[in-house]
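Dear colleague,

I am handing over the structure we spoke about, and my notes on what was found in it follow below. Please keep the model open while you read, so that you can look up each place as it comes.

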Amino acid sequence: MDAIRIIDHSVYLVDGRELLCGDTAEQEAEIAKRGLSGSREGTIAYSILNSHSVKKDEKKMQIRFDSLISHDITYVGIIQTARASGLRQFPVPYALTNCHNSLCAVGGTINEDDHVFGLSAAKKYGGIYVPANQAVIHQYAREMMTKCGNMLLGSDSHTRYGAMGTMGVGEGGPELVKQLLCNTWDVTPPQVALVYLENAPKKGVGPHDVAIALCTAVFKKGLVTNKVLEFVGPGVKNLSMDFRIGVDVMTTETACLSSIWETDETVKNFYTVHGRPEDYKQLMPQSVAKYDMAIRIDLSKIESMIALPFHPSNGYTIHELQENPSILKEVEEVAKAQFGNKVNFSLKDKVRDGKIYVDQGVIAGCAGGMFENICEAAAILDNSSTGDGYFSLSVYPSSVPVNLALIKNGAQQKLLEAGAVFKPCFCGPCFGAGDVPANNGLSIRHTTRNFPNREGSKPGDGQLSSVALVDARSIAATALNHGVLTAATDVEIPEYDKTYTFEKGVYDKRVYHGFGKAQPDYELKLGPNITDWPSMYSLSDNLLVKLAAVLQDDVTTTDELIPSGETSSYRSNPLRLSQFALSRREPMYVKRAEAVAAEEAKRRAGSSEEVLSVLKKVCDNAEEAEKTTQFGSCVFAKRPGDGSAREQAASCQKVLGGFANICYEFATKRYRSNCINWGILPFTIDKSTAFDYENGDYVFVPGIRDAIKNGKEEIPAKVIAKDGVHDITLFVKGLTDEEKQIILDGCLMNYYKNKMEN
């Protein structure tokens, strides 16, 4: 797309506006003439990172965050882990929101039991408790917790508040546990990618259009993986706050580490409107800032976009798809490759008389449910109808204050009169627990993700529908045409009242603000599904693992490792949740892993015939080696961990007796961190030395404990396959001293328990 230009080498930004790319002789001469040099220290990102790192180290930054936030899929496990590790009170503001497990009919009393636990934990440890349906997690953070120059850690991957001048990071729960216990988030100093915005978007183009175009440009090549995106440039001033937020929250889908934006009068007004003018300050790069790469976006050239199933980076312009609907066949082929003959999936039947028909539209959550998105959708549908056919339109505002503003300016009434349905502040449509379409249905959504099953389908039961990501404006334009896919740039969009008034009073009346008011003697309310973690063992001298899942996809998402949707009801019960691990990708994984765990139990009790027989193939004294050789299951995937920050993608493997992941590379830092924190060895291998692994192959790693303890990064191992024994080199690179000890102790909980005992 000519709207986006990638500059994949270092660039300089002078006075916040002049971009020197050095990719022409003239620019190289200009850089040399000015004597420009330096490092990332001139970026906004490093001004914030350095101010939050408790130790100056070229290899690792040790970050302490200003505040924390979790939702009701993750906070129970986090608090239970921290509690088992010696938690006394929350040391920083920690908000517990209830926007994921809000459908209380699912799983009996389980979900509301979690909410009751959350409020009791907020009272006991001094937290902030946001009741169900008051706000989705990230909107509450934007409205009440951000501050220019601050850092906020969340247990949700879309923890992105860069547009408000706050560096948000989404990590797995154990990283929040570390912060609750006054420890640090350790990160290799990240590269910084400049996102240079120019000009202004055309009418009808919304934030999701820009976000989809950006994801499409960078994700598949891994151009910004684990980098910080820094948004500056003359185009920033042409974007409203909601527009910036809508782009920013989707940076997670590029696989970047975090994001930050320059701040200006628009941001200052945001803080003023939200009653926190003192939390604003101007953030700009220094007079000379050096970036590791640049992404140049001409906003005026962005078109109405659609991200087809099954990833936000699978982007096309809507016009391109309309002109060439055969593109849909590619999606069918992807579905067939992944699900085989378990389902009958077709998108070609969506094309009728040269038009593309969709079955459903949803505007929701931290990306779609913003004030301006919904107002503009209302303007498009004013005095119109969504029709009485199969197409339906649902709208989920991101918070009660946003909903109140929509009521006051009439946007909600316009949409209701047109046939849309308003629903509570709920993240369900983003992760597969709300508005599930019919089998073979195609839903267009202004939400964050469209991974497989994110709309709630069950391919194992022969049910499969799919989601395409589309901006709210084009969803409204499609609703205007009763389900015929339509770009918002092709319809008239009347002006509407953009005045936003924030009603903080609803939070004052319903949100429990307990920070600094811990009640140590307050009793936690533990529902019957809330259970402690099972016992986990320290790492033995040697390790033997058996491959229980071999995944040959280019990328494996956390949704595949542990499905989202209805399974979230069991997030407070590690054993029950583990039964869903890889269930929609490799249904036999759980049984294979449990069989391995049963053999390990036999080995610990005396001896395992399976372990002994394998060790005889690689050890001179197998009987003696068996005593010091841990046996566990292992997952092989090419590039695992894209997507959600949910720790359960790793913890479920450990609960089932998993001890390692083997891959070419980890898709995200957060998934690798989750593996480490649960004592799962994060092995990588060189692609050139790999061969076709199969389920049931074994990998023996002698001396693994000493190797980790001594910081050895290249570890010889042996693969015991059906055709014999093969030598292989496993890599474990860049572990901090703390990460080494966590792996040696078996998991983060054991690590903290041992520290307390010592």
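**What was found**

Phe700 is a residue of strand β32, which covers residues 698–701. Please bear in mind from the start that this is a predicted model. With a relative accessibility of 4%, Phe700 counts as buried, because buried means under 20% relative accessible area. Val719 is 19 residues away from Phe700 in sequence, and the C-alpha atoms of the two are 6.4 Å apart in space.

**A helix that is enclosed**

How many of the 8 residues of helix α24 are buried? The count is 8 of 8 for this helix, which spans residues 648–655, and so α24 is largely enclosed by the rest of the structure. The buried residues are Gln648, Ala649, Ala650, Ser651, Cys652, Gln653, Lys654 and Val655. They pack against the helices α19 (558–561), α20 (574–578), α21 (589–605) and α25 (669–677), and also against the strands β28 (629–637) and β30 (658–663). After α24 comes Gly657, which has a positive phi, near 95 degrees.

A search of the whole structure for disulfides finds 0 of them. For Cys634, the closest cysteine sulfur belongs to Cys663 and lies 9.5 Å away, which is too far for a bond because a disulfide needs the two sulfur atoms to be within 2.5 Å. Cys652, which is one of the buried residues of α24, is likewise in no disulfide, and the nearest cysteine sulfur, that of Cys675, is 12 Å away from its own. Both cysteines are buried: the relative accessible area is 1% for Cys634 and 2% for Cys652.

Ser474, with its neighbours within four places in sequence left aside, is in contact with Ser304, Ile318, Thr486, Ala487 and Ala488.

**A pair of packed helices**

Two packed helices are described by the angle between their axes and by the distance between those axes. Helix α3 (residues 75–84) packs with helix α6 (residues 173–180) at an angle of about 45 degrees, and their axes are 9 Å apart. The two helices are therefore oblique to each other, and α3 passes α6 in a right-handed crossing. On the side of α3 the contact is made by Ile78, Thr81 and Ala82, while α6 contributes Gly173, Leu176, Val177 and Leu180. Sorted by class, this contact has 5 nonpolar and 2 polar residues, and no charged residues.

**Backbone details in loops**

Where does Asn226 lie? Asn226 is found in the loop between α7 (207–218) and β12 (228–232), and its phi is near 60 degrees, a positive value in a residue other than glycine. Asn383, which is not a glycine either, has a positive phi of about 60 degrees, and its loop is the one between α13 (371–381) and β21 (392–396). Is each of these asparagines exposed, or partly exposed? Asn226 counts as partly exposed, at 28% relative accessibility, whereas Asn383 is exposed, with a relative accessible area of 74%.

Pro309 and Phe310 are joined by a cis peptide bond, with omega at about 15 degrees, and Phe310 lies in the loop between β16 (305–307) and β17 (315–317).

With best wishes

Notes:
Residues numbered from 1 in each chain as written. Predicted model: local features only at pLDDT ≥ 70, side-chain atom pairs only at ≥ 80, totals over all residues. Heavy atoms only, no water. Helix = DSSP H or I, 4+ residues; strand = E, 2+ residues; numbered from the N terminus. Buried < 20%, exposed > 50% of the residue type's maximum accessible area, 1.4 Å probe, protein only. Contact = heavy atoms within 4.5 Å. Axes fitted to C-alpha atoms, helices over the stretch in contact; angles between N-to-C directions. Parallel < 35°, antiparallel > 145°, perpendicular 65-115°, else oblique. Left-handed = near helix turned anticlockwise from the far one by under 90°. Nonpolar A, V, L, I, M, F, W, Y, C, P; charged D, E, K, R; others polar.
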